[in-house]
Amino acid sequence: MSTLKVTNLQKLDGSAFALGKIGQVKSVLLGTQEFTNSTSFAETEATLSITPTDTSSKILVYWDVSFRRNNSNTSTYCSFQLYKNGSSHKVIDNNFSNTMGEKLWCRANYHLLDSPSTLSSTTYAVYWARGGTSESGGFYLCDGGSSAATGSFTLMEVLPWHQY
């Protein structure tokens, strides 16, 4: 086995490599069963705030959760959106589970590298709603009562290369 040791790593033109570093991580374990059959968007348990340390920092948003469709109507579906500071920011999926079968269990997940361009606290949250025709079965997050039914919501600040 060989070991490579260097004191400085440069590109051929003499400039430095822009290697990213993680400045901070905020994370929450999701484990509360949630239900919706509403056509109005509602906030889920996946909500966190982070305060960037540089206006050029990026925020890596990662969401992963167990999902259950509790109906067989393929004319109904679940919509997910990422909100930032209380306003809709990005569509995660506007047609999730539309063609999936009755009482389907699966994972719903999403990731985004966002550029908040601020030094102020920034709140990210996942919202959801039922779409399509009326259906009594609805949708569940973190359903099942086991460790497989949990999820996570994580925010990571990716520092700009000039900060270190």
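Strands (E, at least two residues) and helices (H or I, at least four residues) are DSSP runs, numbered from the N terminus. The model is predicted: local features need pLDDT of at least 70, side-chain atom pairs count only at pLDDT 80 or more, and totals for chains, interfaces and linings use all residues. Residues are numbered from 1 along each chain as its sequence is written, and side-chain values use heavy atoms, with hydrogens and water left out.

**View 1. The nonpolar surface patch that includes Leu-4.** Leu-4 is placed in the segment before strand 1 (21-30). Together with Val-6 and Leu-9, Leu-4 forms a nonpolar patch on the surface, with about 360 Å² of accessible area for the three residues together. Patches consist of residues with over 30% relative accessible area and no salt bridge; nonpolar side chains (Val, Leu, Ile, Met, Phe, Trp, Tyr) are joined within 5 Å, and like charges within 9 Å. Accessible areas come from the Shrake-Rupley method with a 1.4 Å probe, and for residues only the protein chains shown count as cover. Leu-4 counts as exposed, at 77% relative accessibility; exposed means over 50% relative accessible area, buried under 20%, and partly exposed in between (1.4 Å probe, protein chains only).

**View 2. The whole protein chain.** The protein chain has 10 strands and 0 helices. Of its 164 residues, 40% are buried. Among contacts (heavy atoms within 4.5 Å) with a separation of 6 or more, 81% are between residues 24 or more positions apart. The accessible surface of the protein chain comes to about 9,100 Å², and carbon and sulfur atoms account for 51% of that surface.

View 3. Strand 5 (residues 76-84) runs antiparallel to strand 6 and is joined to it by 6 bridges. Tyr-83 stands opposite Ser-88 in strand 6. Asn-95 also lies in strand 6 and is partly exposed, with a relative accessible area of 39%. Not counting residues up to four places away in sequence, Asn-95 touches Tyr-77 and Cys-78. The C-alpha atoms of Asn-95 and Ser-79 are separated by 5.7 Å, although these residues are 16 residues apart along the chain.

**View 4. The salt bridge between Arg-107 and Asp-64.** A search of the whole structure finds 2 salt bridges, a salt bridge being a side-chain nitrogen of Lys or Arg within 4 Å of a carboxyl oxygen of Asp or Glu. In the bridge between Arg-107 and Asp-64, the closest N and O atoms are 2.6 Å apart. Arg-107 lies in strand 7 (residues 105-114) and Asp-64 in strand 4 (residues 58-69), so the pair ties together parts that are 43 residues apart in sequence. Arg-107 is partly exposed, with a relative accessible area of 35%, whereas Asp-64 counts as buried at 15% relative accessibility.

**View 5. The salt bridge between Asp-114 and Lys-84.** The closest N and O atoms of Asp-114 and Lys-84 are 3.0 Å apart. This pair links distant parts of the chain, with Asp-114 in strand 7 and Lys-84 in strand 5, 30 residues apart. Asp-114 and Lys-84 are both buried.

Definitions and conventions:
Two strands pair if DSSP finds at least two bridges between them.
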